[in-house]
Structures are given as C-alpha cells and as structure tokens.
Amino acid sequence: MTLEYEQLLEDMEKDRQHTRLTPHFTLAEMTRTSVRGADNTPSEEAVENLRRLCGWLEKLREEWNVRYGEGNDPIIVSSGYRSKVVNRAVGGSTTSNHLTGCAADIRACGPEQALRYATILLDISDNSQEAFDELLLERKGCAYWVHFAVRPQGNRRRIRSVEN
Ligand SMILES: [Zn+2]
C-alpha cells in the first residue's frame, strides 16, 4: 500500500464528501451507491483508474462550459466505481468497467445533452490522441446518460447506443 493511498483512505474516513480525486470530482461522488449497507471502497488500483477517468471528466466539464454551459455547470456522475456486491445488486455485467473504477455514468438531461457530451469526449480523444474503452449513449425510459470508460491499457473504442 502506498502512502498516498493510505492517506486517501484516512481522508475518506474523516470526510468522504471532500476527498478530491481531481479539482471538481470527489471520491464520494465517484463511489456513491444506492445499495444500502454495501461496502464500496475502491482498491488502490481502482482509485488510480478513477483518477484517470476524472481527468477526462475535468476536460469534459471545461469544454462543456466553453461551448454550451454557463461557465460553472457541473458534470453529474450517477455511478462510478462499483464493488462486486454493488455491481451484482444493480444488475451490472460481470465484466463491467465499473468494477475496476474505469467507468462513469454521466447524467444527461435529455438526448441532446447526451449527444453533446459524446461529441466533446470524442473531440478530447482526437485532440489528445488518447484512447477510451467505451462511449455508450444509454437510455432507460426518460432517463439519459453517457457511460464512458477509460482503461489503463487495451482500450477498444466501442461506441454504441443502448436501450435499457
Ligand atoms: Zn455504466
């Protein structure tokens, strides 16, 4: 266990809400779950993956606000890291990128915002020449979100539209 991870676990115990992975994303929001009583503490490796992912989310936030937002619009993550127990409880796939902290579900207020988020993420990938694993435009009823995943390596650049 590295000192940095030890410190993170300590901070998390003291004040989960304010333990930051990057300037605008906290560990609390990247590990939040509606599954009551389930331990959803990420491993050191998962924290590293979450931090990499949050780097992309920071760029998404910045670019959204430059192009369309009011300057300080947040990016809302409804699901990030999921422990095995949490993933099973929400019916996630056994190979889900959420299990390793490589994926985030980014809430969109409708199809238009989801498409704009997706466009920005593709532009970020083009400009940085960095690959991503999944960019899924998901919908369930009238709820829309973008499932976005980045792995440490072996990124497959899967782009799809998914009806849940
Ligand atoms: Zn997802």
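Trainee: What makes Trp56, Lys59, Leu60, Glu63 and Trp64 in H3 count as meeting residues in H5?

Mentor: Contact means C-beta atoms, placed from the backbone, within 7 Å. By that rule these H3 residues meet Tyr117, Ile120, Leu121 and Ile124 in H5. The contact divides into seven nonpolar, no polar and two charged residues. Here Ala, Val, Leu, Ile, Met, Phe, Trp, Tyr, Cys and Pro are nonpolar, Asp, Glu, Lys and Arg are charged, and the others, Gly among them, are polar. This is a predicted model: local features need pLDDT of at least 70, side-chain atom pairs count only at pLDDT 80 or more, and totals for chains, interfaces and linings use all residues. Residue numbers start from 1 along each chain as its sequence is written.

Trainee: How are H3 and H5 placed, in angle and axis distance?

Mentor: Helix H3 (residues 44-67) and helix H5 (residues 111-128) pack at about 120°, axes 10 Å apart. Axes are lines fitted to C-alpha atoms, for helices over the stretch in contact, and angles run from 0 to 180 degrees between N-to-C directions. Helices are DSSP runs (H or I, at least four residues), strands likewise (E, at least two), numbered from the N terminus.

Trainee: Why is H1 called hardly covered?

Mentor: Buried means 20 or more other C-beta atoms within 10 Å of a residue's own; exposed means 12 or fewer; partly exposed lies in between, with C-beta atoms placed from the backbone. The count of buried residues in H1 is zero.

Trainee: Is Gln129 buried or exposed?

Mentor: Gln129 has 6 other C-beta atoms within 10 Å, so it is exposed. It sits in the loop between H5 and S5.

Trainee: Why does Arg157 count as exposed?

Mentor: Arg157 has 11 C-beta neighbours inside 10 Å, so it counts as exposed. Arg157 lies in the loop between S6 and S7. Its phi is positive, about 55°, although it is not a glycine.

Trainee: What makes S3 and S7 edge strands?

Mentor: Strands pair if DSSP finds at least two bridges between them. The open sheet runs S3-S4-S6-S5-S7, with mixed pairing. Strand S3 (77-79) and strand S7 (158-163) each pair on one side only, at the edges.

Conventions:
Two residues are in contact if their C-beta atoms, placed from the backbone, lie within 7 Å.
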